[in-house]
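Let's take a friendly walk through one protein model, looking at a helix and some pairs of charged side chains. Keep the picture at hand as you read.

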Amino acid sequence: MDYLEIVGGKKLSGSVTISGAKNAALPIIAATILSDKALTLTNLPNVVDIRTLLKLLSMLGASVDHNETTAHINNGFINSTKAVYEIVSQMRASILVLGPLLARFGECEVSLPGGCAIGQRPIDLHLKALESMGAHIEIKGGYVRAEAKEGLKGAKIIFDKITVGGTENIVMAAALAHGTTTIVNAAKEPEVVQLCEMIRDAGVKIEGIGTNELSIEGTAGKTLAFKPVEIIPDRIEAGTYLCAGAITYSSITLHKVNCGHIRATIDKLESMGCSFDLKEDSITIHPASKLKPVNLITIEYPGFPTDMQAQLMAVAVIAEGESLIEERLFENRFMHVSELNRLGADVWLKGSTAAVKGVQKLYGADVMATDLRASSALVLAALVAEGTTNVRRIYHLDRGYDDLEGKLSKLGADIKRKREA
Ligand code: UD1
C-alpha cells in the first residue's frame with residue numbers, strides 16, 4: 001500500500017493548475033447514459049473515482065475510450081442495466097446511474113451503496129422522488145430494483161433536505177420523463193448547475209438553473225444528443241491549495257479556477273488574515289502576518305462546503321486563538337481530529353462542533369487517512385509539522401486529488417509517495 005512521506009517546514013512558491021471537478025464529472029458521466037450517441041468529455045480529473053465510474057459504464061456495455069483527462073463515450077452499446085456491488089461499494093456516487101438507467105431503459109438494478117466513513121449517507125430521498133415519478137422500487141439482495149415500464153412521469157418533488165446527488169439523479173430521470181418535473185428545495189452547487197446546463201444544451205427545457213427550484217420538461221423517452229462538455233474547475237481542490245498557501249505562510253497562484261465558486265473559502269481565509277489577488281481564472285493567495293482563528297458552519301452552497309471543513313481545520317490548528325467549527329451535513333465527519341491531535345493539534349469535539357485551540361507547533365508522526373478530505377487535511381498539517389509525517393491509507397486521496405504529491409512538490413513541498421515494505 002502506498003503512503004506519503006512529508007518533511008514539514010518548507011515554504012511554497014510558484015503556481016499550480018487546478019484540475020476538473022470530480023464531483024461535476026461524476027454526474028456528467030452518469031448523464032451520458034441518457035444518450036445513445038458518441039460524445040466527448042474533456043478536463044476530467046485524473047483520479048480513481050472517475051476511472052471507477054467509467055469502468056461501470058464499460059461493464060454496462062458502453063464503449064469508453066479514456067486517456068487521463070478526455071473520455072470518448074458511446075452509450076449506444078449498453079446491453080445491461082445492472083450496476084454491481086463490486087463497483088458501487090468502491091464508490092458511493094455510482095448511485096448516480098440509477099436515475100438515467102431507469103429513465104432510458106425503464107428498469108435497472110443498482111447495488112445499495114451502504115454507509116461510509118463520514119456517516120450513514122442514506123439514499124431514501126432519491127428513491128422517494130423516483131417513486132413519485134411512477135417508479136416501482138424494491139430493495140432485494142442488497143440491490144435497488146427499479147421499474148417504470150411505461151416510462152417515468154413528471155411530478156412535483158419536494159426534497160425534505162437539500163441533497164446534491166438526489167437533485168442530480170432526479171434531474172437526469174426527469175430529462176427523459178413524460179411531462180414536467182418540478183424540484184423544490186433543489187441543490188444549487190456549481191456541479192448541479194453544470195449538469196443542468198449539459199442537459200439543457202442537449203435540447204431539454206430546464207428552468208431555474210442555479211436556484212432552489214428546478215423545472216424540467218422531459219422528452220417522453222427520446223434519448224439526448226450531447227454537445228462536448230468541458231468539466232468545470234474543482235472548487236475543493238482549489239480550496240485545498242489555498243489552505244496549503246495559508247498554512248505554510250506562502251504566496252502561491254492557482255490557475256484555471258472559478259473564483260466565484262470558492263468565495264466561501266476565500267472569505268474564511270480572509271478573516272484569518274490572508275489576502276488575495278483575483279483574476280478571471282486565476283487567484284494568488286498572500287499569507288497572513290499571523291493566522292487568526294475562525295468560526296465556521298458547514299452548509300449547502302453558496303455556504304461553506306463540508307468538503308473543505310477538514311482542510312480549514314488544519315489551518316485553524318496553527319492559528320493564534322480558538323476556532324469553532326460546526327459540521328451540519330454529515331454526522332461523522334471529524335475523523336481527522338484524532339489524527340491531527342497526533343501531530344500535536346489541540347482539538348476538542350462536542351457533538352457536531354469542534355473547538356480548535358491554536359498551537360505554536362506541530363510535530364511529524366505516523367497518521368492514517370480516513371476519508372478523502374480528511375486525508376488532505378493531514379497532508380496540509382504535515383507541510384508545517386516539524387520532522388517527518390507519514391500519511392498512510394492514501395488510496396482515499398487518490399480517489400479525488402489529481403497528482404497531489406506532484407503538484408505540491410512543484411510548489412516546493414518535500415513530499416514523496418512510498419510503498420509499504
Ligand atoms: C455530495 C458530494 C460530497 C459532498 C456532499 C455535500 C458528490 C459525488 N459528492 O455528496 O462530496 O460532501 O454532496 O455537499 O458530489 N441525505 C439523506 N437522504 C438522501 C440523500 C442525502 O438523508 O437520500 C442526507 C445526507 O446524509 C447528508 C445530506 O443529505 O446529510 C446531504 O447529502 P448529499 O447532498 O446527498 O450528499 P452527496 O450527494 O452524497
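## Before we start

A residue is called buried when its relative accessible area is under 20%, exposed when it is over 50%, and partly exposed in between, using a 1.4 Å probe and protein chains only. This is a predicted model, in which local features need pLDDT of at least 70 and side-chain atom pairs count only at pLDDT 80 or more, while totals for chains, interfaces and linings use all residues. Residues are numbered from 1 along each chain as its sequence is written, and side-chain values use heavy atoms, with hydrogens and water left out.

Helices (H or I, at least four residues) and strands (E, at least two) are DSSP runs, numbered from the N terminus.

Find helix α6, which runs over residues 164-175 and has twelve residues. From first C-alpha to last, α6 reaches 17 Å, close to the expected 16 Å; the expected span is 1.5 Å times one less than the number of residues.

How many of the twelve residues of α6 are buried? Eleven are, so to speak, tucked under cover: α6 is mostly covered. Among them are G165, E168, N169, I170 and M172. At the N-terminal end, T163 caps α6, with a side-chain oxygen 2.8 Å from the backbone nitrogen of G166.

## Salt bridges between parts of the chain

A salt bridge is a side-chain nitrogen of Lys or Arg within 4 Å of a carboxyl oxygen of Asp or Glu. By this rule, the model has 24 salt bridges.

One of them joins E217 and K205, whose closest N and O atoms are 3.9 Å apart. E217 lies in strand β13 (residues 213-217) and K205 in strand β12 (residues 205-207), so this pair ties together parts twelve residues apart in sequence. E217 is partly exposed, at 38% relative accessible area, and K205 is partly exposed too, at 47%.

Now look at K407 and E237, whose side chains meet in a salt bridge at 2.7 Å, N to O. This pair links distant parts of the chain, 170 residues apart: K407 is in helix α14 (residues 404-410) and E237 in helix α8 (residues 235-247). Both K407 and E237 are buried.

R263 and D267 form a salt bridge at 3.1 Å, N to O. Both sit in helix α9 (residues 263-271), four residues apart, which is about one turn of the helix. R263 is partly exposed at 36%, and D267 is partly exposed at 39%.

Finally, which residues are linked in a network of salt bridges? They are D2, D398, E405, R417 and R419.

Notes:
Polar contact = N/O pair within 3.5 Å; in protein donor to acceptor, adjacent residues only side chain to side chain.
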